[in-house]
Amino acid sequence: MRRIGVLTSGGDAPGMNACIRAVVRCGVWEKLEVVGIRRGYAGLLEGDLVRLGSRSVANIIHRGGTFLETARCEEMKTAEGIEKATQVLRREDIEGLIVIGGDGTFRGAAAIAERGDTKVIGVPGTIDNDVYGTDYAIGFDTATNTALEAIDRIRDTAGSLQRPFFIEVMGKERGFIALYVGIAGGAEEILIPETETKIEELCLDIRRGLKRGKKSSIIIVAEGDEAGGVVQIAQQVWERLRLDYRICVLGHIQRGGSPTARDRVLASKLGAAAIDALVRGKSGYMVGELRGEIVLSPLRETWEKSKELDTDLVELVKILAA
Ligand code: F6P
């Protein structure tokens with residue numbers, strides 16, 4: 001293998017830059033020519049490439065976002081898009097491709113790998129952490145710490161004005177962020193798609209808390225909770241309890257910012273592992289870290305299998321909120 005490409009796709013995640021840096025520098029170490037593909041698959045389809053050397057990735061390890069930029073590309077969901085991507089890779093002599101993103105990104109990657117012309121390795125990068133085959137995806141640790149900082153601040157005002165606060169965190173399909181920040185932030189309740197949200201029970205819990213002398217409560221809602229958005233849930237609680245409440249949607253704040261040490265280390269390890277996999281001739285796999293070990297999982301498994309979330313922790317939150 002002589003020339004490889006790297007791209008970031010889907011939602012950006014803090015640590016993606018650290019991963020690109022590792023891919024480029026480990027690639028150079030292996031005497032590979034590395035090209036960056038701008039704006040994910042959208043840039044690939046347009047042939048928007050840039051040659052990357054060791055100096056091109058200087059001073060990016062601490063930066064959030066992705067300096068290659070990213071995109072959500074509808075065309076890559078079509079057979080024509082895959083065909084076009086394969087042709088560009090062939091035309092540009094790109095023999096290996098490393099894609100950093102989430103399960104949507106890996107669907108396109110798997111389709112390219114199946115064509116057989118280009119070897120493809122995926123690296124999990126999504127704050128949602130909803131990818132099977134790795135304990136943590138790049139960006140999750142930073143996002144949870146960012147959300148936690150915000151929740152700590154909200155707690156100050158919630159306590160002072162004695163109000164319940166409904167805080168929405170990201171996670172369009174899974175509740176990993178909500179669960180982690182709920183535990184770490186000492187929340188009273190965590191509402192996630194993995195467990196059924198019962199409004200009556202939630203109201204009962206809030207009422208019981210008031211009886212125990214609680215003056216405020218922090219209710220974390222994952223954006224993908226099946227009971228609806230945070231506004232809808234808060235309204236339903238108000239209809240039953242008539243308690244003055246406030247809502248805070250943390251939104252994209254969670255996606256930005258300088259990556260934590262943990263995310264930078266994970267990104268560096270996975271970037272290096274992706275190059276190693278390509279050099280060993282592997283294709284159609286995602287590199288992940290499970291219990292501290294680097295593991296290769298077939299790309300298909302990353303969306304066909306569901307990553308387990310420890311729902312017992314939701315119960316623990318209730319005990320700890322005594
Ligand atoms: O996939 C990560 C994520 O941050 C989700 O949690 C969220 O629903 C989505 O991206 C938001 O995407 P966009 O920035 O395209 O609105």
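Which residue in β3 is the bridge partner of Gly-36? Val-50 is, and I'd like to walk you through the sheets around that pair.

First, some housekeeping. This is a predicted model, where local features need pLDDT of at least 70 and side-chain atom pairs count only at pLDDT 80 or more, while totals for chains, interfaces and linings use all residues. Residues are numbered from 1 along each chain as its sequence is written, and side-chain values use heavy atoms, with hydrogens and water left out.

Helices (H or I, at least four residues) and strands (E, at least two) are DSSP runs, numbered from the N terminus. Two strands pair if DSSP finds at least two bridges between them.

So, back to our pair. Strand β2 (33-37) meets β3 in the antiparallel sense over four bridges. Both belong to an open sheet of seven strands, ordered β3-β2-β1-β4-β5-β10-β11, with mixed pairing. β3 (49-52) and β11 are the edges, each with a single partner strand, so one side of each has no neighbour in the sheet.

At the β11 end, β10 (285-290) and β11 (293-298) pair antiparallel over six bridges. Here Val-287 has Leu-296 of β11 as its bridge partner. The two strands make a hairpin with two residues between them, and Arg-291 in the turn has a positive phi of about 45°.

Now the other sheet, please. Four strands form an open, parallel sheet in the order β7-β8-β6-β9. Its edge strands are β7 (189-191) and β9 (246-249). Three bridges join β7 to β8 (217-222), and Glu-189 stands opposite Ile-219 in β8.
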